[in-house]
Amino acid sequence: MKKLALHWKIIIGMVLGILFGFLMNSIEGGRLFVGNWIAPLGKIFINLLKLIAVPLILASLIKGVSDLKDISKIRTMGLRTISIYMATTLIAIIIGLGIVNTVKPGEGMPESTIEKIKARYANDAGVKDKLMKASMQKEAGPLQPLVDIFPSNIFKSFADASMLQVIFFALFVGICLLLIEEEKAKPLIAFFDSLNEVVMKMVDLIMLFAPYAVFALLANVIIAFDDTEILIKLVYYALCVVVGLTIMVGVYLLLIRVYAKKSPLWFLKQISPAQLLAFSTSSSAATLPVTMERVEEHLGVDKEVSGFVLPVGATVNMDGTSLYQGIAAVFIMQVIWPEGLTFTNQMVIIFTALLASIGSAAVPSAGMVMLVIVLESVGFPAELLPIGLALIFAVDRPLDMCRTVINVTGDATVSTLVAKSLGKLHEPKPKAWDDNYTPVK
């Protein structure tokens with residue numbers, strides 16, 4: 001009997017998790033049960049993925065760079081990667097602004113709804129936390145993002161999972177391995193090659209638990225929705241974001257079809273487990289090990305490309321987040337500051353959202369922190385910021401789940417395009433967790 005494909009198992013886990021969450025919401029003590037006995041399973045799964053993210057980036061990137069045998073190839077790959085990431089992010093923002101200006105979901109919202117949202121969320125601890133983080137990020141100097149790339153203590157960078165610092169260190173080590181005698185470099189290259197294989201096997205084993213973890217994660221998300229009335233009233237805004245994200249998927253599939261010469265349906269099937277995990281975890285960083293495994297083994301992208309493009313993408317490529325920021329900023333202005341909706345301000349939104357996407361952390365709800373910076377860039381009144389965030393806070397988590405799927409899909413798309421341009425796209429060679437199990441069992 002044919003085994004059920006992993007993506008179908010994950011989908012079943014998602015559906016059952018959602019149904020279980022709604023069921024527990026209707027039972028007295030159900031939320032407490034989910035919080036105490038179900039949610040921890042999802043947290044364990046995310047912790048395991050985060051555990052292997054840094055070793056995987058380190059091993060795959062050092063091995064990939066050392067295999068290039070030519071430092072100029074690193075520059076070529078880096079320029080192509082950043083250029084494509086910036087281009088797709090710009091497209092995403094323009095799509096978002098086009099939709100929100102056409103549909104105008106913020107116009108005509110009843111005053112009673114606005115007042116209810118203000119009363120429910122304006123003083124919410126989550127809103128205050130986002131405002132505080134945005135203020136701290138704004139106070140940093142203009143070159144602080146550049147300074148943050150260079151670690152002073154690499155072990156602290158490993159512990160904090162500071163992706164750009166880990167990438168810099170891996171590139172630095174890889175380049176230095178090219179610059180020393182081959183015989184002296186060979187043992188360390190062999191070590192990282194072996195480490196990469198071990199960590200990829202860890203991904204295979206962790207993914208056996210994925211359907212159950214997704215069940216736990218989705219059940220926990222559902223029980224957090226305690227005001228369905230407000231969710232329903234924000235449906236037009238949410239639909240604008242979802243439609244924009246769907247169009248962005250179409251852009252990716254067009255690029256895969258036209259440039260990579262691959263079937264869009266085949267592409268979606270191969271990366272679907274990573275997409276489903278991105279939806280469940282709302283974190284492209286937590287999903288990174290799975291994204292790398294799917295891109296390397298199931299799309300056929302060489303390790304030297306995926307090891308560079310994907311970690312960089314998890315940090316700087318936030319197409320879904322940028323599209324959301326454009327829609328959210330204009331929606332908030334349509335509701336409470338319509339006089340600010342000038343052509344000039346919308347151009348500023350495009351520019352700021354493009355830059356803000358580079359600084360967005362690959363963790364849940366980081367986009368809302370960057371949204372504050374986008375709003376402040378157009379002169380949005382500071383006293384209205386808590387109300388503005390309150391307007392969208394109720395639907396932020398489900399939309400965060402959706403936009404993370406786009407971020408991960410964009411990373412996989414760009415890695416495929418870069419690999420194709422460098423002649424590093426080959427026939428996929430999927431591996432199973434039990435490939436070498438028989439000799440040792």
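The protein chain has 441 residues and a radius of gyration of 22 Å, which agrees with the value near 22 Å for a compact globule. The radius is taken over C-alpha atoms, and the globule rule is 2.2 Å times the number of residues to the power 0.38. Along the principal axes, the C-alpha atoms of the protein chain fill a box of roughly 70 × 50 × 45 Å.

This is a predicted model, in which local features need pLDDT of at least 70 and side-chain atom pairs count only at pLDDT 80 or more, whereas totals for chains, interfaces and linings use all residues. Residues are numbered from 1 along each chain as its sequence is written, and side-chain values use heavy atoms, with hydrogens and water left out.

The protein chain contains 20 helices and 0 strands; helices (H or I, at least four residues) and strands (E, at least two) are DSSP runs, numbered from the N terminus. Of the contacts in the protein chain with a separation of 6 or more, 85% join residues 24 or more positions apart, a contact being heavy atoms within 4.5 Å.

Buried residues account for 52% of the 441 residues. Buried means under 20% relative accessible area, exposed over 50%, and partly exposed in between (1.4 Å probe, protein chains only). The protein chain exposes about 19,900 Å², of which carbon and sulfur atoms supply 67%; the areas come from the Shrake-Rupley method with a 1.4 Å probe, and for residues only the protein chains shown count as cover.

The mean positions of the 37 positive and 35 negative charges are 6 Å apart. Lys and Arg count as positive and Asp and Glu as negative, while His and the chain ends are not counted. Each charge is placed at NZ of Lys, CZ of Arg, CG of Asp or CD of Glu.

A search of the whole structure finds 0 disulfides, a disulfide being a pair of cysteine sulfur atoms within 2.5 Å. Cys 240 is accordingly in no disulfide, and the nearest cysteine sulfur, that of Cys 402, is 14 Å away.

Two residues other than glycine have a positive phi: Ala 161, near 55°, and Lys 261, about 60°. Ala 161 lies in the loop between α7 (154-160) and α8 (163-179), and Lys 261 in the loop between α12 (235-258) and α13 (264-281).

| Residue | Relative accessible area | Class |
|---|---|---|
| Cys 176 | 34% | partly exposed |
| Cys 240 | 3% | buried |
| Ala 161 | 34% | partly exposed |
| Lys 261 | 57% | exposed |
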